[in-house]
Amino acid sequence: MKNLFSFLLIIVMISSCKKEDDGLHNGYFWLYGSGLKDRYREEAANGISEKWKIKTVDAGGCIIDEILEKKINRANKKTLAAIAKRYGKGWEAKYHKDIENFALKSADVMDVLIVNKLFRSKLRDHNIPIDGVDKKVKELNDQGEYEVVVINSNLKYENKECFKLAVNTKNRTVNLIK
């Protein structure tokens with residue numbers, strides 16, 4: 001009887017756990033890294049994370065031990081296989097091209113925003129000068145759709161996000177999200 005109860009308990013525990021695909025956490029593939037960060041590459045990787053559903057996660061500082069390095073490599077190997085399964089052969093070249101092109105795409109977003117009345121009005125509402133706009137841009141897809149969060153770094157409290165916009169660079173439209 002005791003063995004049967006233990007067996008049933010194990011079955012319930014296994015079936016109740018939500019299984020994530022290799023490297024998939026909350027809908028995103030997590031790639032772990034360590035070492036010195038390249039801020040511009042990190043900004044670009046974050047900017048395209050919504051499109052690719054890939055997030056880079058810092059797993060260690062500049063110096064890591066051999067055990068952590070092996071764990072990172074093992075986890076990334078599984079994740080990279082799962083990403084290749086989803087996006088197909090040659091996905092890495094497309095991903096790296098998107099990272100390289102992100103700065104140009106971010107500039108295209110600003111070109112649309114700079115002449116938009118809604119954007120300028122929201123900047124005035126939050127006392128942000130047009131030449132001092134701090135923003136986080138996320139590319140949503142290949143159709144020129146972006147999410148832009150405007151930040152006021154001068155605010156003293158934790159949430160420095162002022163407003164969020166949906167920008168379409170192909171249609172040159174801007175809509176307020178929040």
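In the predicted model, three strands form an open sheet with the order 1-2-3 and mixed pairing. Strand 1 (24-25) and strand 3 (54-60) are the edge strands, each pairing on one side only. Strands of a sheet pair through backbone hydrogen bonds, in either a parallel or an antiparallel manner. Strand 2, which covers residues 28-34, runs parallel to strand 3 and is joined to strand 3 by 6 bridges. Across this pairing, Tyr32 stands opposite Val57 of strand 3.

Helix 4 comprises 22 residues, 66-87. The distance from its first C-alpha to its last is 31 Å, close to the 32 Å expected at 1.5 Å a residue.

Ile72, Asn76, Thr79, Ala82 and Ile83 are buried, with under 20% relative accessible area. Viewed down the axis of helix 4, these buried residues fall within an arc of 125 degrees and therefore line one face of the helix. In general, an α-helix has 3.6 residues a turn, so residues three or four places apart point the same way. On the other side of helix 4, Glu66, Ile67, Arg74, Lys77 and Lys85 are exposed.

Conventions
Residues are numbered from 1 along each chain as its sequence is written. This is a predicted model: local features need pLDDT of at least 70, side-chain atom pairs count only at pLDDT 80 or more; totals for chains, interfaces and linings use all residues. Side-chain values use heavy atoms; hydrogens and water are left out. Two strands pair if DSSP finds at least two bridges between them. Helices (H or I, at least four residues) and strands (E, at least two) are DSSP runs, numbered from the N terminus. The expected span of a helix is 1.5 Å times one less than its number of residues. Buried means under 20% relative accessible area, exposed over 50%, partly exposed in between (1.4 Å probe, protein chains only). The arc is that of the directions from the helix axis to the C-beta atoms.
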